[in-house]
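Open the model in your viewer and keep the sequence panel beside it. We will go from stop to stop, selecting a few residues each time.

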Amino acid sequence: MKPIHRDSKRNGFTLLEVVMSATILGILARSLIMLSTGMSSMSQSGGSLSLLQHEATKAQEAILEDLRRSGLRVVGGKAFPHVFTGPDPGDPAFSVHAYVPAPQSAGPGDVDFGPMGSVVFLSPADADGDERPDMDVDRNGTPELDGNRDGNLTEDPSDQGSWDPALYDIDPRSGLVWNRAEISYVVVRGPDGENYLERRIDGNLDRRVAKDVERLLVEDSEDTGFQIPSNALRVSLFLRRTDVHGAVYRHGVQWVVSLKNGDLE
């Protein structure tokens with residue numbers, strides 16, 4: 001009788017191998033979940049910071065565009081620009097610019113904590129809408145305009161259009177025409193419960209410039225201890241955003257802007 005030889009090859013897995021495989025797969029799965037969660041968190045963080053930076057850029061560009069065209073002026077007995085902190089402009093002549101500052105999330109010790117500021121200023125006029133400051137070249141009290149868009153600046157009625165001297169102020173030395181409409185920037189709570197930087201004209205909303213603004217501070221030369229020139233302003237802007245997980249993101253910018261002129265009348 002021939003001896004019976006058993007096949008030494010095994011089919012399938014042992015229980016130990018199955019357990020080890022399941023353990024390794026579990027570890028890999030948890031690692032992938034943690035990696036995915038971490039990447040998601042990084043993505044949310046980067047997205048929140050990018051949004052704050054975007055809003056800060058919009059605010060900075062708007063304020064710079066306005067203030068670079070503005071200047072030191074005394075019109076109707078009021079000196080511009082007028083800088084103040086808190087809801088009250090301080091001078092009754094500027095009472096139309098009183099407002100309710102947006103509530104702040106920052107607390108003592110935070111870099112973005114402090115009094116809310118505002119600024120009121122004038123801009124050169126553009127009564128004919130040609131995107132150039134109006135000028136009274138011959139200083140006779142009537143500017144040379146181009147209301148009919150023929151390329152010629154004249155005092156002809158066809159160019160003057162709806163010119164109303166009561167709405168403007170002409171610099172007697174330079175002939176530059178200034179609009180008497182008073183522009184201001186404030187931070188207030190919007191109808192959706194969010195904080196906005198608003199551009200206002202004579203105390204009325206012109207447009208909402210940026211969202212998630214925690215604090216605005218505008219300082220003149222004296223406020224800064226004369227660290228900046230007398231014809232300049234220092235603007236500090238702080239933004240803050242809290243995501244759905246309660247994480248707080250902050251972003252701040254500060255710059256100095258020179259005004260158009262440096263003389264008070």
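**First stop: a salt bridge**

Select D130: with a relative accessibility of 17%, this residue is buried (under 20% relative accessible area; exposed is over 50%, partly exposed in between, with a 1.4 Å probe and protein chains only). R132 itself is partly exposed, at 41% relative accessible area. By this rule the count comes to 16 salt bridges.

This is a predicted model, in which local features need pLDDT of at least 70 and side-chain atom pairs count only at pLDDT 80 or more, while totals for chains, interfaces and linings use all residues. Residues are numbered from 1 along each chain as its sequence is written, and side-chain values use heavy atoms, with hydrogens and water left out.

**Zoom out: the whole chain**

Colour by secondary structure and you will find two helices and 11 strands, assigned as DSSP runs (H or I of at least four residues for helices, E of at least two for strands) and numbered from the N terminus. Along the sequence they follow the pattern α-β-β-β-β-α-β-β-β-β-β-β-β. Of the 265 residues in the protein chain, 38% are buried.

Now select β7, residues 195-201, where six of the seven residues are buried. On one side, β7 pairs with β6 (residues 177-189) in the antiparallel sense over seven bridges; two strands pair if DSSP finds at least two bridges between them.

The hairpin of β7 and β8 has two residues between the strands, and D202 takes a positive phi near 55°.

**Inside β7: E198**

Which residue makes a polar contact with the side chain of E198? Show side chains in β7, where E198 sits, and look for R208: the two side chains make that contact at 3.4 Å (a pair of N or O atoms within 3.5 Å; within protein, one must be able to donate a hydrogen and the other to accept it, and residues adjacent in sequence count only if both atoms are side-chain atoms). E198 is buried, at 4% relative accessible area.

**Charged pairs to finish**

Select R199 and D206, a salt bridge with closest N and O atoms 2.8 Å apart. R199 is buried at 11% relative accessibility, whereas D206 is partly exposed at 34%.

Next, pick R241 and D212, whose side chains meet in a salt bridge (2.9 Å, N to O). R241 lies in strand β10 (residues 232-242) and D212 in the loop between β8 and β9, so the pair ties together parts that are 29 residues apart in sequence. D212 is buried, with a relative accessible area of 8%. To end the tour, select D66, R199, D206 and R207 together: salt bridges that share partners join them into one network.

How values were computed: Salt bridge = Lys/Arg side-chain N within 4 Å of Asp/Glu carboxyl O.
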